[in-house]
Amino acid sequence: MTIDQPPTAPRPELNRRNLMKASGLAGLGLSLAACGRGFGGGGEGGDGTELNMVWWGDSKRAEKTRAALDLFEEAHSGVTIKTEYQDSGPYQDKLATRFAAGDEPDLMAMRMDSLREYADRGALLDLNEHADAVDLSGLSENARNLATVGDSVFGVPAGLNAIGFIVNRTVTDRYGIEIPDGDTWSWDDLAAFAKEVTDASGGEVYGTGFEPATLANIVVYTRQRGEDFFTEDGELGITAETVQAWFEMVEAMRQEGGFPPAGFFEQIGGGPEQSYIATGDLASQIIPTNNFLGYNQAAGGNLALLRIPGETQGVRRGQSVDCPHLWSIAAESEHKDEALQLLDFLVNDVDASKATGTTRGVPADSEVAEELKPSLEPDDQVATEYLIGLLGEDLPRSYTYPPGGSAIADALAAIAVEVEFGRQSAADGAAEFISQAEEALAQ
Amino acid sequence: MSITLRSSRPAPPRSSDDEDTRLERFGSTRRSRFTRHMILCLVGAFMMYPLVWMLSSSLKPNSLIFSDLSLWPTEWDLGNYAEGWTALPYDFTVYFVNSLVIVALSIIGNLLSCSLAAYGFARLDFTGRKLFFALMLGTMMLPGHVLLVPQYILFAKLGWLNTYYPLLVPNFLATNAFYIFLMVQFMRALPRELDDAARIDGCGPFRTFWRIIMPLSLPAFATTAIFTFISVWNEFFGPLLYLTDPELYTVPLALRQFVDSEGQSQWGQMFAMSVLSLAPIVGFFIAGQKYLVKGIATTGLK
Amino acid sequence: MTAPTDATTVREAVPASAAPRRFTVRGPGRERRRRRRDRAGYLFLLPWFIGMLFTIVPFFASLYLAFTDYNLLNDPKWIGLENFAEMFRDENLHQALKVTFIYSFVSVPLSLAAALGVAMVLNRGIRALPVYRAVFYLPSLLGASVAVVLLWRYIFGLDGIVNGFLGWFGIDGPAWTSDPDYALTTLIILHVWTFGSPMVIFLAGLRQIPAMYYEAAAVDGASKWRRFRSITLPLLSPIIFFNLIQSLIASFQTFTQGFVMNNGGGGPANSTLFYNLYLYQQGFNQFHMGYASAMAWTLLVIIAAFTALTFFTAKYWVHYDN
């Protein structure tokens, strides 16, 4: 049996050869069109230092950030900054993978709830050891504490935010309902207001609605009751009684009709445009203040921004200043000095902040924030003033999420739904949450 | 039983559509045909819905996408297409070309390497065949997430980060067990007599593969090509991990940049570009589907 | 059977019933034949062998990690079987197994039946067939882009079109995606809806069945059902087998659907916490990559067992031509 022999076997002629020729040609043509992009062409930049900086967000945020980085590159010849950004979910995955492979970026955006996952394992640079390189003196204590673990500081807030209560004035005006005083209202006031809206609209509009499982929301309530959700040593501080009271409060509002029925909030995510406040089904809800602009535009531009209820009736203040986005430097960065320089620039340079605006929240440095304010859009000014107000107040310190925090958030989300649908009582749900959360922290 | 392989050269030029029309007329009443088409159209409307919805959303101004719920836009805005095309750091031309290069090469790679392996598994006998086959199936069964980190390290060591190699080279090395298994099943279904006849006529395994099995497996090749196109075109995670420079980005990576979970998103532009990104897959499927049906039944093994 | 005049014909090349299937040469040449036979096989598999290097290294790396405590950032620490012991205690994992099993055993048969049914209808010869085929395949083309997520919300929302439709009949529809009693059902419906891929494979397979069988059966006056039972099913069985194995493996590894449902959370109330989703949470959100690897290898064993079972039964219902 030799292969050389001419075939006497039947030769079914098909378009195979033409097909393959065509596809080969198409592939070749496309490769040429791509000019060898992606096939290892192009050099490794030139001389000088190349910093790698990554964050999450969309192309608009990237444009603003790039403008600030251009200013830095102009002032520091020899340093180029290679940037990359993704949507927040994929960003987390890629960051973790890069760290695992020892291919981490120099400067990166870090989420509050994953800060200690990285910091506790020695992956991030302790900024306290480089205190002379990055000037943090302009930051309020609240802001500086956000990324403090023990005696170390592992990040600087790229911007500050808080949560706030938005109320749609168009809806309240339509039904002639007065909005309570946002600085002094209590949770009972909220319940009464919500019921009034629902009743007045004949059930067309629900008075209020928010996710009881969102950690930021329950944290404020917990602090008002004199407890810390997470304590200073990374333990669970919230008690079962508080969880139960929180669930019961929401369920009571639901019973009265002020709060939407179970299942109202979709499990599939959405932004301001798809929120119920924008569609007119809801008169008020809780949002992160840095999203105020987006919600106000989506909801017709007549939103009021109130504080969270219960701030003057509780054992102590509940609200805190948070940040959606920290800047951290990798401990193994090969260009620490340049990365520190860039970090200092981003925090303290007014022009840098003017370029980025409030895309990551209000600048952490209070002076910079004041200088930035006049150049902001009116909606941004509302949120900025709200936050600057909080910054000047005496708020109890909040503590960084311990590792395992994301498992706790998942557990709360699952149990809150059980309670919402009446599959579990508030008391049982609270007890189960505490036991699951403690288990998650023990791991 | 006799084996006849009819050359397609002299076959009357009859498109499969004509054949289908002829077949449909044969042995069914007009009424039953009508009912059948009615049912198919109804189901079809249900299947078409997502595309129609995306198309309609892409034609609405950003402010109306979530408030105007009708499928027929009350206000038309074609600007989403023009603006969306240039809204990102690079034009979508770049992303489309990148995606097409990767897809075209992946298809060639999968077809070549998987069909070779499949022929080996399906129609040759050699020591360790069953073991290797089990091993191949086994590679399909491990969840990919735990392979990401070791794979990333491997490709980083090879210096392949920020190139297309991690996305392409594995396709030329038959790493996608799904397609091998698919082709194996198709090749095993072909009559054994073909090989025996070829062998008696003096064909070695390569010639048998190239001249007989490959042409007869055209539907399997078409299926592989179509599936490869769809999965590579839609793939998000691989390009996300391995590509850094935005000028290397593929279409799915680019689409994600319209969306920001923290602020306002350019929904209209995102929908417009999503619709455009579907065009190549739909086009490829429509162009490729006639090969799907070129099985033995139509190429004339009787 | 007459061959077309201009066709090359190999008449009575091999008596079908007695055709030698394998090389059955005995004697001294046997070893040499075997070696040559092996060499041909290995040559065809050469790309695959090289490719296995890319696969097998990460594969065994993850097997090693399954016995370690590995948080992605520090070096893995060997802890023996601890991860596997933890899996027995982990209630979320048990929930994930339950969700995955229900999903697989309901959605796989449903979607395969739908795919085969539609493929049969489309294969019978029908006008505008390419159009129908493309249309039925559309939902499978969409992938899991952001646009598709928004679409689901729009269809299955509390005031989405499904509930709008039910409203015509006076039915007050549930919260399809946020009610823990319905969320998994919703995902199963969505899965069945994307029956396009198995359908395409069935269609290709149906065209592999020589038309002469049907013609002969028609001459014998066999009923439609009888033709389906005696010709279509047996001759399509290798393809059915492929689709079954493939769908099983894919459904055990379902990830995207659950991921999209609740921004990766597996909610409501863990009712869509697929095994692979929980594995991902453990590995990438909670940095328990060692545990995630142990979960992955456990899933591999589970899938392998079901696949082996299917292979074992295959000899009773899958017919190859030999």
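Biologist: So what does the domain assignment give for chain A?
Modeller: Domain 1 (49-161 + 323-383) and domain 2 (163-319 + 404-442) of chain A, with bounds from an automatic or database domain assignment. Mind that this is a predicted model: local features need pLDDT of at least 70, side-chain atom pairs count only at pLDDT 80 or more, and totals for chains, interfaces and linings use all residues. Residues are numbered from 1 along each chain as its sequence is written, chains are lettered from A and ligands numbered from 1 in the order in which they are written, and side-chain values use heavy atoms, leaving out hydrogens and water.

Biologist: How far apart are the C-alpha centres of the two domains of chain A?
Modeller: They lie 30 Å apart.

Biologist: And what's the buried area between them?
Modeller: About 890 Å², with carbon and sulfur atoms giving 50%; that's accessible area (1.4 Å probe) lost on putting the two parts together, summed over both. In domain 1 of chain A, A:Asn161, A:Asp379 and A:Ala383 lose the most, together 48% of what that side buries.

Biologist: Which elements give two or more residues to domain 1's side in chain A?
Modeller: Helix 4 (112-119) and helix 15 (378-391) of chain A, where helices are DSSP runs (H or I, at least four residues) numbered from the N terminus. Helix 15 of chain A has the largest share, four residues.
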